[in-house]
Amino acid sequence: MPTLRWTTVSTPAPDAETFVMASRLEVRSLKDVPRFFLQSLSAWKQVSGAPGAYGASLIAQPLKRTFWTLSAWENKDALYTYARTEPHRSIMNGLRPTMKDSVFTFWQAPVADLPIDWSEARRRLAEQARSGS
C-alpha cells in the first residue's frame, strides 16, 4: 500500500491558519511492518473523526520499513488531544519498542495551502533530521 492520499476531514474558514504535523517513522525490521501498518490504519480511521482535524495523508514504504504521515489541525491542542486519545495513545506506546527512528516536524500554514504538498513536508522533515532538534 503506497499512499493514502490527502483526505479532507473538515473544512476550515478560508482565512484560518492550520497547525501541520509531518512525521517519518522507521521500524526496526521487516517483520514489524505488517503490525505497524495495521496499527497505522486504526490511527488513520481515528483521524477521520477527530475534533479539529482538517486532513491527513500517509505514505507507506514497507520494503524500506518507513512510514510518512502528514496532517493538518485546527491548532496544536487539537493534534495533542488526538495523540492522547485511544486508540492512538495505545498504538504509540505499543509500537515504541519496534521503532528504529522517528522524525517529527510542526509548522503553521494558511488553510489556503491545504492540502499540504508532500515535497514541502519531506523538505521540512529532512531539515529537522539534519538539525537533530
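Visitor: Is leucine 4 buried or exposed?
Guide: First, this is a predicted model, where local features need pLDDT of at least 70, side-chain atom pairs count only at pLDDT 80 or more, and totals for chains, interfaces and linings use all residues. Residues are numbered from 1 along each chain as its sequence is written, and side-chain values use heavy atoms, leaving out hydrogens and water. Buried means under 20% relative accessible area, exposed means over 50%, and partly exposed is in between (1.4 Å probe, protein chains only). At 15% relative accessibility, leucine 4 counts as buried.

Visitor: Where is leucine 4 placed?
Guide: Elements here are DSSP runs numbered from the N terminus: helices are H or I with at least four residues, strands are E with at least two. On that scheme, leucine 4 sits in residues 3-8, which is strand β1.

Visitor: Which residues does leucine 4 touch, not counting residues up to four places away in sequence?
Guide: Touching here is contact, meaning heavy atoms within 4.5 Å. With residues up to four places away in sequence set aside, leucine 4 touches Leu41, Trp44, Ser57 and Leu58.

Visitor: Is leucine 41 buried, exposed or partly exposed?
Guide: Leucine 41 lies in helix α1. Its relative accessible area is 31%, so leucine 41 is partly exposed.

Visitor: How far apart in space are leucine 41 and leucine 58, C-alpha to C-alpha?
Guide: Both of these residues touch leucine 4. Along the sequence, leucine 41 and leucine 58 are 17 residues apart, but C-alpha to C-alpha the gap in space is 9.4 Å.

Visitor: What is the angle at which the axes of α1 and α3 cross?
Guide: Axes are lines fitted to C-alpha atoms, for helices over the stretch in contact, and angles run from 0 to 180 degrees between N-to-C directions. The axes of α1 (residues 33-47) and α3 (residues 88-95) come within 10 Å of each other, and they cross at roughly 160°.

Visitor: How are α1 and α3 arranged relative to each other?
Guide: Angles under 35 degrees count as roughly parallel, over 145 as roughly antiparallel, 65 to 115 as roughly perpendicular, and the rest as oblique. The axes of α1 and α3 cross at roughly 160°. The two helices are therefore roughly antiparallel.

Visitor: Which residues of α3 make the contact with α1?
Guide: From α1, the partners are Arg35, Phe36, Gln39, Ser42, Ala43 and Gln46. From α3, they are His88, Ile91, Gly94 and Leu95.

Visitor: How are α2 and α3 arranged relative to each other?
Guide: α2 and α3 pack with their axes 5 Å apart, at an angle of about 65°. In that contact, Tyr82, Ala83 and Arg84 of α2 meet His88, Arg89 and Met92 of α3. These two helices are therefore roughly perpendicular.

Visitor: What is omega for the cis peptide bond that joins leucine 114 and proline 115?
Guide: Proline 115 lies in the loop between β5 (99-110) and α4 (118-131). For the cis bond from leucine 114 to proline 115, omega is about -5°.

Visitor: What is phi of arginine 65 near?
Guide: Arginine 65 lies in the loop between β3 and β4, and at 19% relative accessibility it counts as buried. Its phi is positive in a residue other than glycine, near 60°.
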